[in-house]
Amino acid sequence: MNSVLLFFLVLLLQDGFAKDIGVFWQVTDFHYDVNYSSTGDPNNMCHQDDVTFNATGSYGNYLCDSPWQLISSAIEAMYKIKPDPDFIIWTGDSVPHVPESDLDLDKVYTLIGNITDEIIRVFPNTSLFPVLGNHDPFPSNQMPYDVENNRYYKDILNVSNWNIVLRANESKQFQHGGYYSSQISKKFRLIGLNTNLYYDQDKLTRDLDDPANQFAWLKDELEGARKRQEAVYIIAHVPPGSFELGTGLGWFYDKYNRRYLDLLEEYSDVIMAQMYGHEHTDSFRVQLDAEGKPINTLFLCPAVTPWKSSLPGVGANNPSVRLYKYDRDTAIPQSYTQYYLNLTRANLKGNADNWEKEYDTSDVYAIDQLTPTALHGLARGFGDKSNKVFLSYLEFNSVMWDTSHECNDTCFIHHYCAITQLDYGQFNACLAGDGRLTTISPTDTTRHHSRRPTVPAQVPSYLYYVMGGLAVLLFVLFLVVAVMCFRRGNFRSFRVPKYSKFGSLSVNS
Ligand SMILES: [Zn+2]
Ligand SMILES: [Zn+2]
């Protein structure tokens with residue numbers, strides 16, 4: 001009988017206390033170009049010159065950054081698909097890839113402010129959490145670190161209207177380097193970082209130890225979160241690790257990459273997920289500890305801008321936005337759905353009504369929850385390049401811009417090593433071959449969450465059904481034997497074992 005009771009208890013725990021699922025949007029890399037013209041020159045960022053072009057497109061062009069029509073259609077599509085998310089994260093890069101002579105700081109503030117105002121207009125009642133991208137300072141990539149003598153962060157708050165979307169204490173923190181921490185609910189915190197300070201194109205921060213004091217602050221924040229037993233999301237623009245395309249270049253200066261990864265590892269028990277932009281491609285990263293155990297997941301969301309990168313071997317992408325589902329109690333991401341606009345079709349039709357679902361991780365990747373263990377399992381499957389899921393991932397990587405499935409050994413190994421090896425030394429070892437062998441080998445898939453009591457152990461759901469089936473079988477057997485004994489008139493001979501809680505009630509009646 002105890003097994004039957006256990007079965008119903010398990011059912012109660014599963015269904016009676018069903019997960020409290022919330023959703024949130026991520027949108028990134030708008031790269032708004034006010035000089036985009038639908039009759040402009042595609043080989044000159046679609047800017048209007050003496051010659052008029054006919055097929056440049058009203059909603060954008062794969063060789064150019066975003067016109068306003070594309071930006072507003074993306075935000076409108078988000079509202080149409082999910083008008084009441086818990087919050088929206090916006091991971092930077094609003095300024096276009098144009099020569100410095102076309103820009104100045106006032107133009108930069110205005111561009112960012114225009115997009116801020118549009119998101120607020122469409123989602124007036126939704127919390128918005130923005131972070132800066134490497135294109136958002138002026139000159140681009142040069143993020144101010146001497147915050148006491150620079151008005152940049154204050155101007156982003158006051159001129160680009162981020163003081164409207166951030167709370168007073170978050171704005172106050174933001175002034176000191178473009179980072180902040182926000183309590184979303186009693187046990188859930190979001191930390192917005194300025195990882196552009198670590199970007200290896202930033203000449204201002206190359207020789208520093210802790211630009212804008214962000215490392216020290218982040219450690220304090222994570223320590224505080226651990227003490228308060230809060231789950232944390234980190235959002236930022238530039239991710240650590242290496243690019244999965246082209247020559248596999250790393251983004252951070254080596255010293256900052258190592259230090260950042262060490263912090264992520266030290267606090268992997270409180271960090272439930274990280275969301276980044278910058279690459280414009282759709283990918284993810286799994287951080288492994290020294291023993292090869294998966295400890296952190298990093299989501300890389302594709303861009304709104306379709307712009308074909310100037311980096312060798314890197315192409316364009318269709319405009320895209322992402323909707324995540326997460327467990328409000330544990331903050332563990334459950335899945336995400338990628339939505340996109342087929343730019344060619346939108347330009348032909350002359351409207352952008354057809355923002356559509358590209359894929360859902362729970363369908364194509366067949367994963368229940370987006371945990372480090374689950375995503376590492378997925379990445380290990382990528383060890384075989386004929387794997388159908390890997391071929392799907394390849395299509396998603398460019399948001400269906402390139403559906404050729406062409407990926408030679410160099411391409412394949414770059415994807416695989418970038419996803420699983422965030423440290424530059426290990427990434428290079430993986431490319432050389434030996435690191436790859438260690439990542440493919442079976443690992444203990446337990447996540448380091450022992451200090452976090454709200455995160456349940458991950459039991460595969462089918463086990464509940466197996467247990468339930470066995471319990472029902474036992475119960476039926478018990479009934480059959482009981483009925484047979486009763487019919488033979490020797491019911492009293494059917495004795496419940498002494499150790500049963502119900503022994504005295506059954507036997508002595
Ligand atoms: Zn960027
Ligand atoms: Zn960008």
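**Exercise 1. Which residues coordinate the zinc ion (ligand 1)?**

Before we start, note that this is a predicted model, where local features need pLDDT of at least 70, side-chain atom pairs count only at pLDDT 80 or more, and totals for chains, interfaces and linings use all residues. Residues are numbered from 1 along each chain as its sequence is written, chains are lettered from A and ligands numbered from 1 in the order in which they are written, and side-chain values use heavy atoms, leaving out hydrogens and water.

*Solution.*
- Look for donors, meaning N, O and S atoms within 2.8 Å of the metal (3.2 Å for Na, K and Ca).
- Asp-93 (OD), Asn-134 (OD1), His-237 (NE2) and His-278 (ND1) coordinate the ion at 2.0 to 2.2 Å.
- Along the sequence, the donor spacing reads D-x40-N-x102-H-x40-H.
- Asp-93 sits in the loop between strand S3 (87-90) and helix H3 (105-122), and Asn-134 in the loop between strand S4 (127-130) and helix H4 (152-158), so this pair ties together parts 41 residues apart in sequence. Helices (H or I, at least four residues) and strands (E, at least two) are DSSP runs, numbered from the N terminus.

**Exercise 2. Find what Asp-93 bridges, and decide whether Asp-93 and Asn-134 are buried or exposed.**

*Solution.*
- Asp-93 bridges the zinc ion (ligand 1) and the zinc ion (ligand 2), 3.5 Å apart.
- Buried means under 20% relative accessible area, exposed over 50%, and partly exposed in between (1.4 Å probe, protein chains only).
- Asp-93, with a relative accessible area of 1%, is buried.
- Asn-134 is buried too, at 2%.
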